[in-house]
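Q: Can you walk me through the aromatic contacts and the nonpolar cores in this one?

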Amino acid sequence: MKRQLPIVLSWIAIAVLAYVQARDVKLPFDRKLPRSNLKLLLHKKKPKLSNVYGERLVDDGLAAWKLEGPIHLALPPMYASSPYANAGFLSSFINHGEVILHNEPFPHPKLSITETIAGGSDVAYHFDNRSTNAALYVANGADVWPLGYTAWYDMVTLDRIVDVPTPRLIDGSGQLVEPTAVRTVHPLNKVTIYGDTTRAEMGHLSPIIWTFPTEGKLLDPSAGYAVESAADGAEVSYLPPLPSRFDRPVGMLLLAPMVAPTTSDAPQWWSLDQRFRRAVLERRPTAERRTLVHELAKAYPTHPFLTHYRIVADFGDPRFDATWLRAQSEKCEMPSWYLVAWTHLPWSTVRHLPCLKELPAGKLDCRGEYIAESVVLAYRALRDDQQLQDLASRVVDRSYLRSEFRSFNYPLSDFAYLWLKARP
Amino acid sequence: MIDAFLAFFLVSLLPIAFLGIGGHTEHVLFIGWRWLQVVALFASSLFVVYQLARRDRRGLAVLALVVVGVAYLGLSYLGIAWDAQIEYNRVLQLAQRFGSITEAYRHGVTHWIFGYPPGATLSVAFFLTLKMISPNVAQGVLLALWSGSLLTRHLRHVDVPTKIVFFVLLATGTQLMWHFAYFYNNLFYALVWATFVFAPMFGSSLRPWEWCGYALVLVWLRPQWQIAAIPIGVGALAALASARTWNLRVLRDTILMMTAALAVAWLGSTYWRSASAKLDEAMSRENADVIANITAQQASPVLEIDVHTRPLAQQTTTVPPFLSRESVDAVVWAYHVTAHAYSLSLVVLAAVATLALLILRRRGLVFVVPLLSPIGIVLGTAAFAHYYAAYRANSWALERLQIITPILAAGSVAALHWTVRQRTRA
């Protein structure tokens with residue numbers, strides 16, 4: 001018995017140790033899964049793994065959109081609260097070697113930032129987005145990224161459902177006319193009429209068109225439709241707005257012709273719309289762009305992007321400052337706010353615009369960061385301006401930049417950091 | 001007796017040796033290797049089961065329990081949820097798509113991919129070939145293979161209660177399940193590390209080729225040979241401490257094996273570093289080609305911004321000397337990081353070492369050796385801090401590397417239990 005005592009004592013000690021260790025074990029597993037997974041395996045079905053990151057959806061999208069050629073994809077700010085905002089994570093889920101991902105601002109117009117350290121031979125930091133041909137369009141926290149944009153060749157998304165009230169016409173005799181057919185203009189879209197509602201499964205931002213047997217006026221003119229005469233009746237068309245954060249979109253704004261072109265007969269305004277967007281990206285003369293917007297506004301007065309189109313039509317023209325200021329003075333126009341860096345407006349004017357006035361005090365959110373870093377970039381020459389210093393500090397405070405410079409951060413935030421660092 | 005786990009791992013790492021070949025030949029070798037790995041997996045598993053069935057049926061029963069546990073966890077596995085897993089998986093996905101490891105890295109897009117050397121990835125590559133649910137489930141298979149190999153190769157003479165004690169304490173070890181689910185590079189590294197220490201503690205030993213083979217596995221799981229030197233050195237100390245008699249021959253043999261293992265580790269590390277530098281260049285070239293191929297359809301005004309920052313001299317951080325206040329701070333910091341996560345394991349290691357010295361005297365020295373592993377990492381942080389001023393940003397990496405601590409604690413307790421039982425019986 002005495003000889004067995006050490007063994008007995010060791011067993012007690014081991015049991016206590018095992019108990020103490022086991023008490024702290026937190027299993028990163030789901031206890032409910034084994035039974036269901038085993039059932040699946042017995043039925044020769046492969047259990048599906050959950051994936052906490054949404055990035056895999058991008059890989060699915062690339063396959064759905066049949067994108068050809070290399071893609072240099074701009075991503076949201078890395079440290080914005082979104083699973084899409086990390087180029088490293090995102091690239092890991094994209095098994096397309098021809099896709100290169102970057103945390104960038106929206107790639108048009110182009111921005112190049114270079115840090116040169118006095119006394120150093122090399123460039124310390126360089127950002128240049130001039131070769132980007134696509135931007136991820138995605139729900140990013142409470143907003144949709146990109147917050148700012150100019151124009152695009154095509155806008156593709158994973159299938160999203162768009163429900164639109166089915167339009168009705170009133171003919172000359174006051175009779176209600178129902179549509180006889182509905183179609184889309186792009187092979188990535190499908191559409192069906194369900195009585196009062198028309199449901200579109202959309203993968204491409206392009207019009208939905210209803211065919212009517214006779215001409216007439218819209219029953220509800222304020223609903224955002226365009227009416228055109230057709231050979232044997234009339235056609236009503238509609239362009240849905242960009243997907244909102246509630247749609248939880250995953251898509252791309254393409255800055256090069258990369259997907260299949262529209263295939264069927266489109267309304268006249270769609271051709272104008274396409275020509276206008278291409279004219280912006282290709283820097284066609286301002287007069288041509290202004291004419292296209294003007295014609296588009298006549299053909300489709302309720303087009304969802306007209307305000308924005310009017311601003312970007314003047315981009316690069318001496319009238320741009322006035323056009324931009326007019327739009328920004330009415331309300332905070334987020335899509336064109338970052339173009340402040342391309343204006344020649346004085347800070348004394350811009351600091352009183354709604355975007356800045358509505359900026360909440362304290363910690364910045366995604367939108368606040370975008371607003372603040374855009375003006376820091378625009379008014380970088382005003383080194384002693386207290387408000388700009390405060391905005392730059394608040395931008396930096398949102399990310400790892402507050403403790404460490406990481407060049408894979410969002411370039412505009414990087415600029416705010418460098419601007420503060422460069423101060424004497 | 002062949003170490004089946006080591007044999008499998010060496011086969012699994014073969015594509016790293018193909019990196020210099022490139023082109024069509026590497027592609028053909030890679031395709032052949034994928035099936036060779038599956039053959040190696042089945043052969044190793046069958047070997048383990050056959051040996052246990054023939055010589056140690058109780059050991060086979062213990063292995064069966066381990067397999068049941070691993071299968072349960074495999075079935076309750078939730079899904080990929082960690083950056084390391086994603087990168088491991090990505091190397092495989094790209095290798096499969098583009099036909100070789102060289103091409104996988106060339107198309108890797110982000111340089112982050114080099115933060116996760118391909119050893120861990122390749123070890124579970126058979127999950128794609130066998131169409132398993134995920135690489136993590138394949139990792140479970142490998143954990144079972146390691147257990148079987150340990151039972152066959154080093155625990156064959158150990159009694160069943162000791163085996164059970166070991167696996168129970170291992171399974172309940174601090175953060176082991178977390179590593180099992182997410183971060184298998186560190187887990188495999190720790191299991192190989194532990195093999196160096198456990199073999200002498202359980203009365204077994206590693207053969208010269210096993211020393212060298214495991215050294216190569218270590219540096220192809222984690223390319224810093226300086227870190228691999230800790231398990232190799234600790235393994236040599238364990239071999240010396242467990243020797244029945246101390247004489248010049250034992251000392252010479254141990255030093256020779258350790259030197260050979262260190263040489264292999266250094267060569268393996270140097271090879272991977274030079275190969276990865278070339279791969280890195282190839283990736284940069286590939287990325288540049290992709291960007292060049294994107295014909296910027298839109299002409300656009302470029303807003304060029306130059307920022308001139310302070311002179312370089314004002315920003316450069318001074319490198320502290322090896323023996324300085326900063327080095328002491330680094331060691332203290334590393335100790336706190338380790339103790340924060342693994343305090344219980346450290347206490348257990350210290351208690352086992354003390355008890356063993358009290359009970360076994362000179363023969364208890366081998367039980368002090370496991371404690372040197374976490375201490376080696378803690379002290380090594382001083383050297384790390386010398387080269388990398390922002391070393392404190394790596395606290396998570398340090399904590400994960402120290403997963404060796406609970407594994408060694410489980411082995412130490414089991415080994416002491418076995419030794420005491422043997423003495424009691426005698």
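This is a predicted model: local features need pLDDT of at least 70, side-chain atom pairs count only at pLDDT 80 or more; totals for chains, interfaces and linings use all residues.

Q: Is A:Trp269 buried or exposed?
A: A:Trp269 counts as buried because its relative accessibility is 0%. A:Tyr300 is also at 0%, so that residue counts as buried too.

Q: And B:Tyr88 with B:Tyr184, what sort of pair is that?
A: Tilted, at 4.6 Å centre to centre and 40° between the planes. B:Tyr88 lies in α5 of chain B (residues 83-98) and B:Tyr184 in α12 of chain B (residues 184-201), so the pair ties together parts 96 residues apart in sequence. Both tyrosines are buried.

Q: Which residues form an aromatic cluster?
A: In chain A, one cluster is formed by A:Phe106, A:Tyr149, A:Trp152, A:Phe276, A:Phe305 and A:Tyr309.

Q: Switching topic: which ring does the charged end of B:Arg222 sit over?
A: The ring of B:Tyr189, 5.1 Å from its centre. In another case, B:Arg362 has its charged end over the ring of B:Trp246, 4.2 Å from the centre.

Q: Now the largest nonpolar core. Which residues touch the most other members?
A: B:Leu142, B:Phe166, B:Phe198, B:Phe367 and B:Ile407, out of 144 residues in that core. Helix α12(B) gives the most to this core, with 14 residues.

Q: What is B:Phe367 in contact with, leaving aside neighbours within four places in sequence?
A: Its contacts include B:Met201, B:Val352, B:Leu360, B:Ala415 and B:Thr419.

Q: How many residues are in the second, separate core?
A: That core has 123 residues, among them A:Tyr153, A:Val191, A:Leu255 and A:Trp324.

Q: Back to α5(B). How many residues does it have, and how far does it reach?
A: α5(B) has 16 residues and reaches 22 Å from its first C-alpha to its last, close to the 22 Å expected. Its buried residues include B:Ala84, B:Ile86, B:Glu87, B:Arg90 and B:Leu94.

Q: What follows the helix?
A: B:Gly99, whose phi is positive, near 90°.

Technical notes. Residues are numbered from 1 along each chain as its sequence is written. Chains are lettered from A and ligands numbered from 1 in the order in which they are written. Side-chain values use heavy atoms; hydrogens and water are left out. Buried means under 20% relative accessible area, exposed over 50%, partly exposed in between (1.4 Å probe, protein chains only). Rings of Phe, Tyr and Trp (its six-membered ring) pair if their centres lie within 6.5 Å; planes under 30 degrees apart count as stacked, over 60 as edge-to-face and the rest as tilted. Helices (H or I, at least four residues) and strands (E, at least two) are DSSP runs, numbered from the N terminus. A charge sits over a ring if NZ of Lys or CZ of Arg is within 6 Å of the ring centre and within 35 degrees of the ring normal. A nonpolar core is a set of buried Ala, Val, Leu, Ile, Met, Phe, Trp, Tyr and Cys residues joined through side-chain atoms within 4.5 Å. Contact means heavy atoms within 4.5 Å. The expected span of a helix is 1.5 Å times one less than its number of residues.
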